[in-house]
Amino acid sequence: MKRFFAQTYLWLLLAMLYAPIVIIAIFSFTEAKVLGNWTGFSTKLYTSLFSGGVHHSLLNAIENTLIIAIVAAALSTLLGSVAAIGIHNLRGRKKMVMNALNNIPMLNPDIITGISLFLLFVSLGITQGYTTVILAHVAFCTPYVVLCIMPRLQQMNPDIYEAALDLGATPLQAMRKVIIPEIKPGMISGFILAFTLSIDDFAVTIFTIGTGGLETLSTYIYADARKGGLTPELRPLSTIIFVTVLLLLIIINVRSQRAAKKKEALVK
Amino acid sequence: MGESNFIIELSHISKCYGEKCVLDDVSLYVKKGEFVTILGPSGCGKTTLLKILAGFGVATSGEIKIAGADITDVPPHLRPVNTVFQRYALFPHLNVYDNIAFGLKLKKVKQDEIDARVRKALKMVGMTDYEWRDVNSLSGGQQQRVAIARAIINRPQVLLLDEPLAALDLKMRKDMQMELKDMHKTLGITFVYVTHDQEEALTLSDTIVVMSEGRVQQIGTPTDIYNEPVNSFVADFIGESNILNGEMVRDRVVKFMGREFECVDEGFGENTPVDVVIRPEDVYIMARTDSGMLDGVVQSCIFKGVHYEMTVLTPNGYEIMIQDYNAFEVGQEVSMIVKPSDIHVMHKERVCNTFEGKMVDSTHVEMLGTQFLCNEVADVEVGESVLVEVPFNKVELMDNKEDGQQVGDVRFILYKGDHYHLTVRTADGDNIYVDTTDVWDDGDIVGIRIQADDIVIKKQAK
Amino acid sequence: MKGLMRFFMRRHNWSLPYFIFMLIFVVLPLVLIFIYAFQDADGNFTIDNFSKFISSPEAANTFVYSIGIAIITTVLCILLGYPAAYILSNRELCRSRVMVVLFILPMWINILVRTLATVALFDFMRLPLGEGALIFGMVYNFLPFMIYPIYNTMQKMDHSYIEAAQDLGASPLKVFTKVMLPLSMPGVMSGIMMVFMPTISTFAIAELLTMNNIKLFGTTIQENINNGMWNYGAALSLIMLVIIFASEMFSDSEEEQRATNEGGII
């Protein structure tokens with residue numbers, strides 16, 4: 001009985017959480033301009049989303065979003081991996097300082113990060129555009145990459161780097177052949193996390209994207225929504241984003257569970 | 001002596017972090033093919049020394065030579081040594097074969113030679129046919145064998161072993177000890193072995209280096225170390241012993257437990273305070289007779305497999321540990337005899353605490369990181385550096401650290417028959433030596449108090 | 001060159017590039033907010049920006065209103081989220097881990113998309129947009145951020161504490177109030193931070209959910225920056241930073257950080 005109530009409660013909450021998304025998904029399969037009007041099943045919105053032409057700017061925004069996310073995630077992963085190895089080997093106060101620094105972007109609200117970077121770029125006289133958005137995204141994504149890699153380093157047998165040196169590997173070889181393979185799962189999770197954070201971001205992007213006409217998905221939706229009319233094609237797009245995120249999350253979950261099982265097997 | 005005699009020459013190695021030294025002027029010379037064990041309690045600096053030898057750590061000062069070549073500044077991957085790590089440090093993403101072949105592949109050895117050598121190394125450690133196994137699926141003992149194979153396949157001049165058996169269970173440890181000894185014979189390379197297990201050291205080594213507090217205490221063969229320990233630390237650490245305060249009356253006569261004994265030691269001078277060490281198996285025990293040197297009553301008797309271990313209380317309050325093949329009942333009156341040659345007399349490292357201090361005013365001295373009240377000292381300048389002496393038994397320890405003038409933790413406990421001799425270390429790293437009859441445990445945090453009357457101030461000779 | 005090589009041979013020096021990057025792109029920008037806040041448009045030192053904030057009823061009202069909305073949202077999230085986290089972490093009540101994933105999933109969808117979906121829902125149900133929509137949207141957006149840290153803390157809680165309490169004769173209610181609740185507090189505190197902070201600082205959501213009828217403090221900041229009032233905008237940002245810093249000081253503890261960080265992605 002207790003279990004029944006508990007389950008009901010959870011499902012009610014879930015219904016509330018998912019109702020808006022489900023409605024959007026349902027109405028992505030009809031042509032009506034105004035949401036809520038069902039004019040029969042159609043996949044026209046999906047085809048017109050990708051057909052360019054009218055919605056050239058939307059496609060453009062998607063493309064920008066993906067490019068920015070990939071570049072920012074790659075740079076964050078690189079910077080974050082090197083940083084994590086460095087921080088892991090620091091001791092005492094220096095380690096505390098680095099950890100505190102690493103926490104700042106995660107504790108800062110997006111709007112503060114955005115405005116502070118905006119002020120940085122204008123006071124340095126840097127024209128805002130692709131580069132500034134990517135730099136900004138690297139700034140707030142890297143801490144998460146570091147956090148993804150740190151546990152791998154902590155679990156690692158601390159002697160294996162020295163063991164590699166002992167067997168004749170130069171420090172660089174030891175890094176490539178021993179440390180990198182060990183932290184790779186963390187790097188991959190970090191990359192995926194940075195990628196999703198970058199795609200999701202709105203607050204930091206809007207302050208660092210400049211006025212040169214560059215649009216990402218977030219800024220496009222925002223501008224669109226402010227104009228009042230919602231481009232109908234946003235419905236299939238939201239649905240696609242939702243499904244993609246769902247798939248990504250499942251992949252990460254399966255990966256981490258497999259790793260956990262492997263570890264369990266080892267313990268036995 | 002020709003230089004080629006030694007494969008390893010460590011000269012005056014020190015490793016300090018600021019004021020604190022984990023290694024203090026350690027020198028060690030190892031002959032080619034020797035099995036040397038560095039033995040000491042945890043924190044004695046033995047692992048640090050090994051790391052410096054392997055190149056993972058840099059000595060603050062000193063010089064290292066291997067086979068005559070100075071390698072003090074040579075990075076680890078260019079040193080002719082290989083290490084077996086305590087926690088194996090196998091590469092978890094590689095299988096057994098790739099772990100063992102790691103060093104050879106880096107040296108670009110030909111594939112068929114690698115194959116042959118890996119097989120040979122696996123055979124040597126008794127793990128033939130394990131090539132393709134995942135290292136994570138191996139047991140602790142198997143992992144350690146792979147780790148050894150991975151090191152010896154590179155044919156190092158010196159093999160360093162950092163407590164390689166510490167993580168194994170007792171039975172496995174005994175087996176591996178024998179195998180290591182055989183391996184050492186077959187390979188003919190020099191082994192430097194680090195352990196805190198005195199039995200392991202006695203079993204395996206040609207030479208044992210006993211370390212404590214970053215310093216070498218004694219270097220010698222297992223028999224030397226066991227039979228002729230140079231100080232009470234070594235005596236206590238190696239095997240079981242009765243350690244007692246004594247006084248060398250004159251040559252060949254030592255007084256302890258309130259009685260004079262004949263002994264074989266000379267040259268200590270007259271009426272010198274000494275430590276006396278008697279091994280429990282060297283005390284002969286018999287039912288009460290008049291011909292015994294000491295009388296006592298059996299307090300406890302425990303069967304230890306081969307022998308019985310008994311404690312006997314003498315009338316003047318000393319407890320003596322005795323090992324004998326015959327059991328005596330608890331409460332039985334017994335007599336004991338010790339041969340002169342079994343009484344080991346050694347110099348005391350110190351007879352009272354000596355601290356460096358500074359006068360705050362004529363009745364206060366600053367030492368051990370705090371201020372102590374002392375009796376008025378005549379014509380002493382404020383701020384003058386002085387030496388402060390405090391007898392061991394005048395340092396009070398208290399349970400509640402807030403009650404003390406300073407706080408420390410108990411680091412080392414020596415039972416001296418009728419009292420305990422403790423080493424207490426303060427947070428600043430100062431050692432205070434305390435004689436007490438209270439029972440404390442290793443690692444206890446204690447408050448330290450010294451009465452003004454017990455502080456003796458001596459002006460420093462300039 | 002060789003010196004540089006040797007420098008990077010020491011692995012702890014690998015943190016240096018990141019350190020420099022962080023100085024330029026995290027610390028320096030925050031310092032700039034501080035500097036701009038105390039300057040007028042010509043770059044002279046002034047505290048006018050702050051006195052302007054205090055004396056202008058509009059900005060100050062928005063500020064108080066935003067805090068009010070943030071508190072309401074946070075309280076609603078605790079009331080709805082705590083039972084959910086409790087059920088999710090309880091093996092008897094919820095056996096499937098999929099449930100947990102379902103609750104976390106919305107965290108990973110673009111906040112604007114989620115907000116637009118809420119707007120769509122209100123349209124669909126013919127409900128007016130306004131304060132009600134705003135609070136619903138906020139709760140909807142941030143509820144997962146409350147559930148997750150509480151769930152995380154509860155899940156890591158050693159079950160033997162509860163058994164010990166039962167063993168010592170505590171009734172189920174007592175077990176909850178004396179053991180579960182205090183032990184899950186770090187998760188709750190962390191959840192509060194994760195909900196309160198974004199609600200007080202959002203700017204686009206309120207606009208969309210209320211047809212631009214209700215302004216929150218974040219919107220005010222954004223408008224000022226967009227209209228070129230950088231110094232005033234910076235001063236308002238600084239006020240927000242102080243609020244957030246204060247609430248962090250108030251709640252900061254190691255355990256709570258662990259509750260937030262440890263789980264990583266899921």
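Helices (H or I, at least four residues) and strands (E, at least two) are DSSP runs, numbered from the N terminus. The model is predicted: local features need pLDDT of at least 70, side-chain atom pairs count only at pLDDT 80 or more, and totals for chains, interfaces and linings use all residues. Residues are numbered from 1 along each chain as its sequence is written, while chains are lettered from A and ligands numbered from 1 in the order in which they are written.

**Exercise 1. Describe the fold of chain C.**

Step 1. Read along the sequence. The pattern is α-α-α-α-α-α-α-α-α-α-α-α-α.
Step 2. Count the elements. Chain C has 13 helices and zero strands.
Step 3. Take the extent. The C-alpha trace of chain C spans about 70 × 70 × 35 Å along its principal axes.
Step 4. Check burial. A residue is buried if 20 or more other C-beta atoms, placed from the backbone, lie within 10 Å of its own, exposed if 12 or fewer, and partly exposed in between. Of the 266 residues in chain C, 46% are buried.
Step 5. Check contacts. Two residues are in contact if their C-beta atoms, placed from the backbone, lie within 7 Å. Among contacts in chain C with a separation of 6 or more, 72% join residues 24 or more positions apart.

**Exercise 2. Is C:Asn226 buried or exposed?**

Step 1. Locate C:Asn226. It sits in helix 11 (residues 217-226) of chain C.
Step 2. Apply the count. C:Asn226 is exposed because 11 other C-beta atoms lie within 10 Å.
Step 3. C:Asn226 and C:Leu121 are 105 residues apart in sequence and 30 Å apart in space, C-alpha to C-alpha.

**Exercise 3. What is the strand order of the open sheet in chain B?**

Step 1. State the order. The five strands run 25-29-26-27-28, with antiparallel pairing. Strands pair if DSSP finds at least two bridges between them.
Step 2. Name the edges. Strand 25 (395-398) and strand 28 (431-436) of chain B each pair on one side only.
Step 3. Inspect one pair. Four bridges join strand 26 (residues 406-415) to strand 29 (residues 445-450) of chain B. One bridge partner of this kind is B:Ile448 in strand 29, facing B:Gln406.
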